[in-house]
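My notes follow in the order I took them.

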Amino acid sequence: MSIQNAFFVVERPFRFYRQIGISQSNTWIGRSQVFTNVHHALNAVPGDEFHALVGGLFVADRRDGGPSAAPARLSAPKPPLEKNYGSQPADRILRGMVERGLVREIPRSEARAVDYVAAREAASAELAPHRPAVIELVPSPLMVAFRERVAAFAATLEGLGGAIAWRDLGDSPTVVLKADLGQAGRIGIEHAYLPDFHVVDVPPAFEPDWPAGSEKWGSEGRTCMRLPKDADVPAILDEVLGKVFAELHPEEDAPRGPRP
């Protein structure tokens, strides 16, 4: 089904990528250097609008200090020349977000008037060479909550005698936790906002009730699962923690970590 012009107003915050310019990349095709689009990673706020047009997706957000609209993406951009398989049109993605209460579809008559040509031209200004494709302008609320929950989880495992290795890259949002609990086994948790999924690696004895959409990930012989981005990771970690605690301290009640 081809994309149709559709208009949506934001009801609840979510992550999106607003194009601010173009920059020479490190990629070459023959003697020509490839330009890449540069985006600000932002959180949509109630009242922002997304206009899904045949010519592309635009955000109309009236942010101070910038144009009233710009080309936008709902998923993180990929490096130059990397193919994109199985992507859905923006209008279809946004209609799925309607069902989750993130946006509300509105008629064209209620949408803001936007000069799309001017917005695209403003977002095509040439920036300094080698700018990153994504600039994290504001932190993702989902990532902040995830960091807090994993930090609490790690502290509890450390209290159980686990050897903890922790890595948190703020400028390229990634959280990785590795915990060695000796004979009880190893636990791993990984979340990368790009490409936005969770990986949980636990011994079979600690395996939780995996949510729908989870799939096997990594090498055989371990319960390493890739979870969908909307998985209730805090609940999963609480379930894993309860089983770890029961293995190491069967006579005591398992603690429960804070929920974001």
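**Entry: R18 and D61.** I began with the salt bridge between R18 and D61, whose closest N and O atoms are 2.8 Å apart. For a salt bridge, I required a side-chain nitrogen of Lys or Arg within 4 Å of a carboxyl oxygen of Asp or Glu. R18 sits in strand β2, while D61 lies in the loop between β5 (56-60) and β6 (69-73). The two are 43 residues apart, and the pair links distant parts of the chain. Are these residues buried or exposed? R18 is buried, at 8% relative accessible area. D61 is buried as well, at 6%. I call a residue buried under 20% relative accessible area, exposed over 50% and partly exposed in between (1.4 Å probe, protein chains only).

**Entry: what I am looking at.** This is a predicted model: local features need pLDDT of at least 70 and side-chain atom pairs pLDDT 80 or more, while totals for chains, interfaces and linings use all residues. Residues are numbered from 1 along each chain as its sequence is written, and side-chain values use heavy atoms, leaving out hydrogens and water.

**Entry: E11 and R104.** Next I looked up the salt bridge between the side chains of E11 and R104, at 3.5 Å from N to O. E11 is in the loop between β1 (6-10) and β2 (15-29) and R104 is in strand β7 (residues 103-106), so the pair ties together parts 93 residues apart in sequence. E11 is partly exposed, at 39% relative accessibility. R104 is also partly exposed, with a relative accessible area of 39%.

**Entry: R95 and D91.** I then turned to a helix. R95 and D91 form a salt bridge, with 3.3 Å between the closest N and O atoms. Both lie in helix α1 (residues 90-99), 4 residues apart, or about one turn of the helix. R95 is partly exposed, at 33%. D91 is buried, at 2%. Which residues make up the network of salt bridges here? D91, R95 and E105 are linked in it.

**Entry: the whole chain.** I finished with the totals. The count of salt bridges is 6. The protein chain has 4 helices and 14 strands. I took these as DSSP runs, numbered from the N terminus: helices are H or I with at least four residues, strands E with at least two. Of the 260 residues in the chain, 42% are buried. I also noted contacts (heavy atoms within 4.5 Å). Among contacts between residues at least 6 apart in sequence, 60% join residues at least 24 apart.
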